[in-house]
Structure formats: C-alpha cells, structure tokens
Amino acid sequence: MIKTVHASNIGRVRSVNEDSVWIGQLPQGYTIGIVADGMGGHQAGDTASRLAVDTIAGDLSSLEEGVSPEGLNAAVSDAILHANEVIYSEASKNEKYHNMGTTVEVLLLYGESGIIGHIGDSRAYKIVNGEAIQLTEDHTLVNELFKSGQISLEEMKTHPRRNVIMRALGTDPEVSVDLYPVTLSAGEVLLLCSDGLSSLVSGEHIAQISGMQDVPLDERADRLLQLALLAGGDDNITVALFELQDEVAGPSIKEWDS
C-alpha cells in the first residue's frame, strides 16, 4: 500500500495559514495529494487555496476505476482548470478577493504510477537513493532570469524579486498546466511542499529526512517542518509525503484539511 501523511504550520511570521492540503486514498484505487499556497493576503489567499483544493479533490474523487494514463492526464488538467475558473469567478464577484490566487501541486497515483499537475512555485520532489530530485519547475521571475543566464543560482536565493510568481491559479481567466508523469517504487518517497519548506531547507536535508525509512512517515514530516521553523519560518509551511509500504491497508478514504 501507499502510506501517506501531511503536516502544515503557520510559521513564525504570518498571522494566517494560507496553505491548504488534502490527501485521499479512494476505493477506486487512486491516491491523491493536493498542496496549494494561497496569495492575495489573509482571507483572500486562504480562500484561493481552499477553493483550489476543494474543487480539485471533488473532481478527482469521482474518477472511475482503471482510467488510462491519457485519461488521468486529462482528469488532472481538467480539475486544475476547473479550479482556475472557480477562483477567478469568485475574485471577480467580490472586491475583497480581487487578484487572489494560489499555487497548486496535484499528485494522482493509480497503483505505483500516475501524474503530477503543477502551477506556481510549490514543488514536487522524488527522494531516490538519498537524493531529492525536483520534479517540477518553479514559475517564478528568478527562475526565468536564471534560465536566460541573467543571474546565477546563488543570486536566485537573494534576488529582491525572488517572490514574484509568473504563473498562478485563479489570477487570470486562462492558465497553462504543467503535467509530469511519475512513478513510486519501493524505497522511494514522493514529497509535495509549499515554498515555505523549499525556500528554507536544502534539497540535501529534504532528502536526508524524507528518506529515513526507519523513522515513521509522520515524524519525518514533522522534522521537515521543524527544520523550516529553525531556519526562520518566514512563511507558511506545508508538506505531504507518499511512500510505498507493505502493510495491511487502513481506512479506504482519508482526508485532512488545514
């Protein structure tokens, strides 16, 4: 079975946790993970991330059993685009939600393979043989500057506009979704996280802690949070971990909100 866990923390600076997370293990055989990091300030950011998670979880939870890989791709993309419509519509109707948006990471597994849908600067990692492999590409200004050779990798970490996101969910009527095929084998871990973790904790430390197979998965998640808090905790921090384990299956559906 696939063992799953999530953890979220408001951090040391923010007054509201604008991250939202949902994990589901469905009777149809699917494992779903969603992490969203809202933007727009306080109620707007929280609302955007919650709408994203609720909409996507609702759409994917109704999937029929045995959908083809092409069908899974379409399902993830369609669910994210549906969430974009919902958030944009809500922002258009209510002035206090003007310009709200969110990042989103969506993992849909059927057995040991599946798809990741991605928008923004939250990330998905695969922990393999002690290494954290980043599966997604940040939709940020500094990443664009780095790819074009205008700044170095070190300069990305201190650039004054390092928090500028170039693509988000809900800020525009149309958005492009990045899709990545993914597999999960024994001894590997998949990690979804908001940038409250990835901006403060190195890939080396993420790999070291996430891959501790002799430590319970929930304790690994908590250790990741504690590292981000020790490094300053200047943003909300959310992680979701997925690991293939040979255990007796638990309840058929699990879900948590934060």
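Leaving aside its neighbours within four places in sequence, which residues is Ile34 in contact with? Hi everyone, let's start there. This is a predicted model, where local features need pLDDT of at least 70 and side-chain atom pairs count only at pLDDT 80 or more, while totals for chains, interfaces and linings use all residues. Residues are numbered from 1 along each chain as its sequence is written, and side-chain values use heavy atoms, with hydrogens and water left out.

So, Ile34. Contact here means heavy atoms within 4.5 Å. By that rule Ile34 touches Ser20, Val21, Trp22, Val53, Ile56, Ala57, Val104, Glu105, Val106 and Leu192.

Ile34 also belongs to the largest nonpolar core, which has 32 residues. By nonpolar core I mean buried Ala, Val, Leu, Ile, Met, Phe, Trp, Tyr and Cys residues joined through side-chain atoms within 4.5 Å. Buried is under 20% relative accessible area, exposed is over 50%, and partly exposed is in between, with a 1.4 Å probe and protein chains only. Ile34, Ile56, Leu60, Ile80, Leu108 and Leu169 have the most contacts inside this core. Strand S3 (30-39), helix H1 (42-60), helix H2 (69-93), strand S5 (104-110) and strand S6 (113-119) each supply at least two of its residues, and H2 gives the most, with 8. Helices (H or I, at least four residues) and strands (E, at least two) are DSSP runs, numbered from the N terminus. There is also a second, separate core of 22 residues, including Ala7, Val189, Ala207 and Val239.

Now look at S3 itself. Because 9 of its 10 residues are buried, S3 is largely enclosed by the rest of the structure. Strands pair if DSSP finds at least two bridges between them. S3 runs antiparallel to strand S2 (residues 19-25), with 7 bridges, and Trp22 stands opposite Ile34. S2 and S3 make a hairpin with 4 residues between them, and Gly29 in the turn has a positive phi of about 100 degrees. S3 and S5 are also antiparallel, joined by 6 bridges, with Ile32 opposite Leu108.

Last stop: helices H6 (residues 203-210) and H7 (residues 217-230). Their axes come within 9 Å and cross at roughly 155 degrees; axes are lines fitted to C-alpha atoms, for helices over the stretch in contact, and angles run from 0 to 180 degrees between N-to-C directions. H6 and H7 are therefore roughly antiparallel, the word for angles over 145 degrees. At this meeting place, His205, Ile206, Ile209 and Ser210 in H6 face Arg220, Arg223, Leu224 and Leu227 in H7.

Technical notes:
Parallel < 35°, antiparallel > 145°, perpendicular 65-115°, else oblique.
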